[in-house]
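Here's a quick briefing for anyone opening this structure for the first time. Have a look around, then read on.

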Amino acid sequence: MKLGTMLLMVLALSASSMVQAADEIVIKFSHVVAPDTPKGRAAEKFKQLVEERTKGKVKVEVYPNSQLYKDREEMEALQLGAVQMLAPSLSKFRPMGAPEFELFDLPYIFPNYETVHRVMDGDVGKHMFAKLETKGLHGLAFWDNGFKQMSANKPLHTVADFKGLKMRIQSSKVLDAQMKALGANPQVMAFSEVYTALQQGVVDGTENPPDNLYTQKMHEVQKHLTVSDHGFLGYAVIVNKKFWEGLPADIRATLEQAMKEATAFERSIAKAENDEALNKVRAAKTTEVYILPNEERAKWRAALLPVHKEFESSIGKDLIQMSYAIAA
Ligand code: LMR
């Protein structure tokens with residue numbers, strides 16, 4: 001979207017909020033995935049809790065599936081105040097001046113969800129949220145999606161199978177380096193464009209947790225999926241700092257409590273939803289699911305681990321070391 005169009009939308013949105021009851025607070029919560037995903041369901045849970053508890057004083061409008069904005073645009077919209085809340089993936093924070101978040105993209109850094117949570121909820125996560133404050137943003141919570149799997153129209157069994165493949169990635173430099181380390185050609189693309197790009201052969205393959213793959217119907221246009229668990233996809237729920245600090249203290253406390261509960265809910269469903277999505281992909285029979293055997297996984301790991309070193313300076317060696325210690 002052009003800046004001019006965006007400004008017009010901001011004006012239109014502010015005009016429409018002026019006609020709303022003077023004391024009603026509207027939170028537009030925009031995201032790019034389907035409503036029937038851990039993020040989509042938790043956004044709805046947050047809405048329900050907030051509207052119940054503030055007795056209508058706060059209205060949360062959830063816009064899923066890039067309905068309002070695509071990846072990059074939603075970040076601009078948040079900064080401009082056209083929306084108040086987002087939950088972008090942790091792979092999308094470099095353009096906001098916070099490359100530290102790409103720690104979560106490092107291949108094979110986390111063995112399981114428990115480790116991810118300890119990193120998110122400990123000093124590493126705190127450091128990242130402190131960085132956001134310097135960028136005019138405020139972090140409210142870390143949410144899960146899950147471990148990513150690779151897909152393409154050809155089997156991806158060995159590292160050599162990636163050679164020359166055009167692989168869609170999110171806008172993360174770590175993911176770019178990851179695909180290059182495998183011999184593939186990474187292509188940054190907004191999430192909303194991936195299905196069509198796969199269908200038309202603009203890209204050959206992609207990576208995502210099964211739940212995102214299935215709810216976007218990517219399995220209809222990808223013949224092969226390899227369960228590699230090579231990386232993690234998570235989210236940060238963020239708000240515009242100025243908006244947040246301008247809220248009455250009692251309202252802010254209610255929103256914080258609702259977010260805490262929505263986060264517990266989100267984390268409690270994410271793994272099961274991904275397991276179920278993988279089963280649905282299998283059942284659809286359009287995609288052959290291959291579980292990467294341990295010996296081959298060790299080879300993928302060996303090819304990918306040098307990426308960690310490459311990003312020590314932009315992510316922070318201390319943050320990487322702290323995460324290693326938690327994972328050990
Ligand atoms: C992607 O772009 O692949 C994901 O970040 C989408 C999402 O928000 O889960």
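Predicted model: local features only at pLDDT ≥ 70, side-chain atom pairs only at ≥ 80, totals over all residues.

How many residues of the shell around the ligand are nonpolar, how many polar and how many charged? The shell divides into four nonpolar, five polar and no charged residues.

**Confidence**
- The protein chain has an average pLDDT of 94, and 93% of the residues score at least 70.
- For the model, ipTM comes out at 0.98 and pTM at 0.93.
- One stretch to treat with care is residues 15-19, where pLDDT stays under 50.
- For residues 15-19 the model has one contact beyond four places in sequence.

**Around the ligand**
- The residues surrounding the ligand include Val 32, Val 33, Phe 191 and Leu 233, and these four count as nonpolar.
- Ser 89, Asn 145, Gln 170, Asn 208 and Asn 212 also surround the ligand, and they belong to the polar class.

**H2 and H10**
- Helix H2 covers residues 38-53 and helix H10 covers residues 249-284; their axes come within 8 Å and cross at roughly 150°.
- That angle makes H2 roughly antiparallel to H10, and their crossing is right-handed.
- On the H2 side, the contact is made by Pro 38, Arg 41, Ala 42, Lys 45, Phe 46, Leu 49, Val 50 and Arg 53.
- H10 contributes residues including Thr 254, Leu 255, Met 259, Phe 265, Ile 269 and Glu 273.
- By class, this contact of H2 with H10 has twelve nonpolar residues, one polar and six charged.

**H5 and H14**
- The axes of helix H5 (residues 123-133) and helix H14 (residues 317-327) come within 9 Å, crossing at roughly 150°.
- H5 and H14 are therefore roughly antiparallel to each other.
- Asp 123, Val 124 and His 127 of H5 make the contact with Leu 319, Met 322 and Ser 323 of H14.
- Sorted by class, the contact of H5 with H14 has three nonpolar residues, two polar and one charged.

**H4 and H14**
- H14 also pairs up with helix H4 (residues 113-121): the two axes come within 9 Å and cross at roughly 140°.
- That makes H4 oblique to H14, and H4 passes H14 in a right-handed crossing.
- Here Thr 115, Arg 118 and Val 119 in H4 meet Ser 323, Ile 326 and Ala 327 in H14.
- The contact of H4 with H14 divides into three nonpolar, two polar and one charged residues.

Conventions
Residues numbered from 1 in each chain as written. pLDDT = per-residue confidence, 0-100. Contact = placed C-beta atoms within 7 Å. Axes fitted to C-alpha atoms, helices over the stretch in contact; angles between N-to-C directions. Helix = DSSP H or I, 4+ residues; strand = E, 2+ residues; numbered from the N terminus. Parallel < 35°, antiparallel > 145°, perpendicular 65-115°, else oblique. Left-handed = near helix turned anticlockwise from the far one by under 90°. Near = placed C-beta within 6 Å.
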